Amino acid sequence: MGENTTLLCVPLISHNVEDMLVQMNRAKASGADLVEIRLDHLEAFRPSEDLQRLLSDRPLPALVTYRPKWEGGEYEGDDHTRLDVLRLAMEMGADYIDVELQVPIIGLVMRERGWISRILCPKFGGYLTFGTLEAGKESAPGQLTMKELLNVYNIRQIGRDTKVYGIIGNPVGHSKGPILHNEAFTSVGLNAVYVPFLVDNLREFLHVYSSPDFSGFSCTIPHKEAAVECCDEVDPVAKSIGAVNTIVRRKSDGKLVGYNTDYQGAISAIEDGMRGSYGATDKIGSPLAGKLFVVIGAGGAGKALAFGAKGKGARIVIANRSYDRAKALASLVGGEAISLGDLESFHPDEGMILANSTSIGMHPNIDETPISKQALKSYSVVFDAVYTPKVTRLLTEAEEVGATVVSGLEMFIRQAMGQFELFTGLRAPEKVMREAVMRNI
Ligand code: NAP
C-alpha cells in the first residue's frame, strides 16, 4: 500500500467566534487533522480581532476560507476587501488559504514543453509570465529571457485574436524558425506569433490544438513523415517525397493541408547558383535538365532533393551509407544507387552536380566531409544541405577545386519563405528574412 497523505478536515460553520473555538476543540477530539474556518458565516465579522482570536487559540492547523456568493458562500462584499482579509489571515499565520479558481490564475508549464504556456500567456488572459534578466538566471526550468519574450516573440503585441503558428519537432529548442518567422510577421504587420512546439505524438498534438487560432505549423525531425498521414490533404509532390514540412489550416473548412517547401527551397537555390545569380529573373528552362545529379543521403532531405531534381529533368544517382535505402529511393525516382565507397571513383560524366543531404560536416563535427577533395574534381556544382557552419568543409574544398558552391543556408531561407507564403498568402519579406538569418546563424 502506498503512503496515505490525505488530511481529514472539519468545516466550521458558526455565526460567532466563541462557538467556532468550541467546534475546533471538538474537531481535534474527533481525530481531525485540520479545520476549515469559514469567515463568510461569521456575523459582525471584525477581521483583525476575530482572526487574531481564531488563529492564536487554534488547537489544529487551519484552512481559512472567505467564500463569496458567486462561489456558493455567504460573503456579499467586494473582492478587494475579501482578498485583503485572506492576505491578513496569511500574515497572521494561517496554515492554508482557500482561493477560488476564478480569481486570477498564473498557470505555467515547466521546461521546454512549457514554452508555449509562457509565450502565449497574453492570448489566454494569463495574469503574469516570468522573463529572466539573462540566460542562466532562471528561478524555474523553462523560463525565457526578457529579451526573448520582448524581441523574439513580441509578447506585448500578443492578444486574444493573435494567430498562432509554430515549429513542431523534438528536439525543437535549436530552431531559428521563431526568430525568422516572427520578424517576418512583424514586418508585414500581421497579428501572429510563431512558437516552438515540443511534440512527442503529432496526431495527438493536432487533435488537441485544433482551434482555428492555431493556423499553421512547420514540421521538423522526427515528424515530417508522420505529417503526411496526419494531414487531411497533401500536395502531390510532398506525397511522393513522403515528407511534409509545412501544415496549413485551411480557412474555408479548417482542414489541414500538407506541403513540402524543402524541395522547392533546395532546388531553386541550386538552379539560381548555376545561373550565376540568386534571384535571377531569367528562369526559362532549368539548368538541371539532363544533368547527372548525385545525392548523398536518402533521408528526408535526400528524398526532397532527388524528387525535386528529377522533376527538373535531371538524371538521379543516390549514394547512401545504408545501401538498401539508396536502392529504395533510386527505384522510387527512377535513378541509380551506389554505395558511399563507390562515390570516390564515380565520374561517368562531365559537369555533374553533387548534393549532400546527410548531416556529415554539421557542427560540432565541422572537420568531417562526405567525399574526398580529389573526388570533388568531377563536379561542377556542389550543394550542402548542412548550414551550421555556413561554409562547411565540403563547400570549402569544392570551391578550391573550382566548383560552383551553393550553401544550405540558401535552402533554409527559401524553405522558410515558402512556408511564410503558404501560411499568410502574402509575398515573403525576403530582405527581412535574409537579414534575420544572417544575424542569428
Ligand atoms: P534524416 O532523414 O535523418 O537522414 C539522414 C541521412 O544522413 C541518411 O541518409 C543517413 O544515412 C545519413 N547519415 C547520417 N549520419 C551519417 C554518417 N555519419 N555517415 C553517413 N551517412 C550518414 O535527416 P534529414 O532530415 O534528411 O536531414 C539531413 C541533413 O540535412 C541534416 O544535417 C539537416 O540539418 C539538413 N537539412 C537542411 C535543411 C536546410 O534547410 N538547409 C533542411 C532539411 C534538412 P542512413 O540512411 O544510412 O542512416
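In which handedness of crossing does helix 11 pass helix 12?

**Ground rules.** I noted that this is a predicted model, in which local features need pLDDT of at least 70, side-chain atom pairs count only at pLDDT 80 or more, and totals for chains, interfaces and linings use all residues. Residues are numbered from 1 along each chain as its sequence is written, and side-chain values use heavy atoms, with hydrogens and water left out.

**The helix pair.** I found helix 11 at residues 300-311 and helix 12 at residues 323-333; helices are DSSP runs of H or I with at least four residues, strands are runs of E with at least two, and both are numbered from the N terminus. The two axes come within 10 Å and cross at roughly 25 degrees (axes are lines fitted to C-alpha atoms over the stretch in contact, with angles from 0 to 180 degrees between N-to-C directions). That makes helix 11 roughly parallel to helix 12, a label for angles under 35 degrees; over 145 is roughly antiparallel, 65 to 115 roughly perpendicular and the rest oblique. Now my answer: helix 11 passes helix 12 in a right-handed crossing, meaning that the near helix is turned clockwise from the far one by less than a right angle.

I then looked up who touches whom, with contact meaning heavy atoms within 4.5 Å. Helix 11 brings Gly302, Lys303, Ala306, Phe307 and Lys310, while helix 12 brings Leu329, Leu332 and Val333. I sorted these contact residues into five nonpolar, one polar and two charged. Here Ala, Val, Leu, Ile, Met, Phe, Trp, Tyr, Cys and Pro count as nonpolar, Asp, Glu, Lys and Arg as charged, and the others, Gly among them, as polar.

Next I traced an open sheet of four strands in the order 1-2-3-4, with parallel pairing; two strands pair if DSSP finds at least two bridges between them. Strand 1 (9-12) and strand 4 (96-97) are at the edges with a single partner strand each, so one side of each has no neighbour in the sheet. Strand 3 (residues 62-65) is joined to strand 4 by two bridges, and Leu63 stands opposite Tyr96.

**Loops.** Pro171 lies in the loop between strand 7 (163-169) and helix 6 (177-187).
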